[in-house]
Amino acid sequence: MEKDQLPKKISRRSFLSTTGKLTLGAAGILAGSAGLFYYGALQQRKGMEKSSAEIPENVVNLGEFDWFQTAQGVEKIDYEAVIRDAWATKPVKGFVYVTKDETGKLVVFSPVCTHLGCTINPSSETEKKSRPEMLFSCPCHGAQYDAKGNEIRLQLPPLDTYEPIIAGGSVYIDISAPIKRQRS
Ligand code: FES
């Protein structure tokens, strides 16, 4: 979805350049990324206004939780962030795909094909007609991924995912921590 097609409250949403120090009511964020994951896994919405903390620079805001609950299909969400390690500070820009699984839980996919790293696209209407389970396809060598991010044509590993962190009414991910998965 293009930004100008988003509902007004979404189009105003800044995909946070987390270089800004923003305040968020989320106790789990105090503990850094690992704490964020734990925090996000424990809850979807409860207890989020209890304290304030700074958002780490590698954690990006994807948008409002409520909006994702009403969204249908696959949303492409841009982000900007800063990743730091002991030696370097690296600004990064990119996007992820956000959808929901069959239970309604948010799923955040990396758009990087697990073959050679091309950027995948949501499958076209024609592709969906030929293979309904295909959610994404890769323009480089034809990899196809289903709604769980499993590759269904070339025996490749599944897409990386990001753990969604729900806090203060928004959905965040730690962009420095993609979850690599093995083919099952
Ligand atoms: S890079 Fe995607 S199929 Fe080769």
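Visitor: What makes strand 5 and strand 6 (residues 106-109) count as joined?

Guide: Strands here are DSSP runs of E of at least two residues, numbered from the N terminus, and two of them pair if DSSP finds at least two bridges between them. Strand 5 and strand 6 run antiparallel and are joined by 4 bridges, so they meet that definition of pairing. Within this pair, V98 stands opposite V108 in strand 6. This is a predicted model, in which local features need pLDDT of at least 70, side-chain atom pairs count only at pLDDT 80 or more, and totals for chains, interfaces and linings use all residues. Residues are numbered from 1 along each chain as its sequence is written.

Visitor: How do you know that strand 4 (residues 75-84) and strand 5 (residues 89-100) pair?

Guide: DSSP gives 10 bridges between strand 4 and strand 5, in the antiparallel sense, and A81 stands opposite V92 in strand 5. The two strands form a hairpin, with 4 residues between them.

Visitor: Which strands are the edge strands of the sheet?

Guide: The open sheet has 4 strands in the order 4-5-6-10, with antiparallel pairing. Strand 4 and strand 10 (161-162) are its edge strands, because each pairs on one side only.

Visitor: Why is D146 called partly exposed?

Guide: A residue is buried if 20 or more other C-beta atoms, placed from the backbone, lie within 10 Å of its own, exposed if 12 or fewer do, and partly exposed in between. D146 has 17 C-beta neighbours inside 10 Å, and therefore counts as partly exposed. D146 lies in the loop between strand 9 (144-145) and strand 10.
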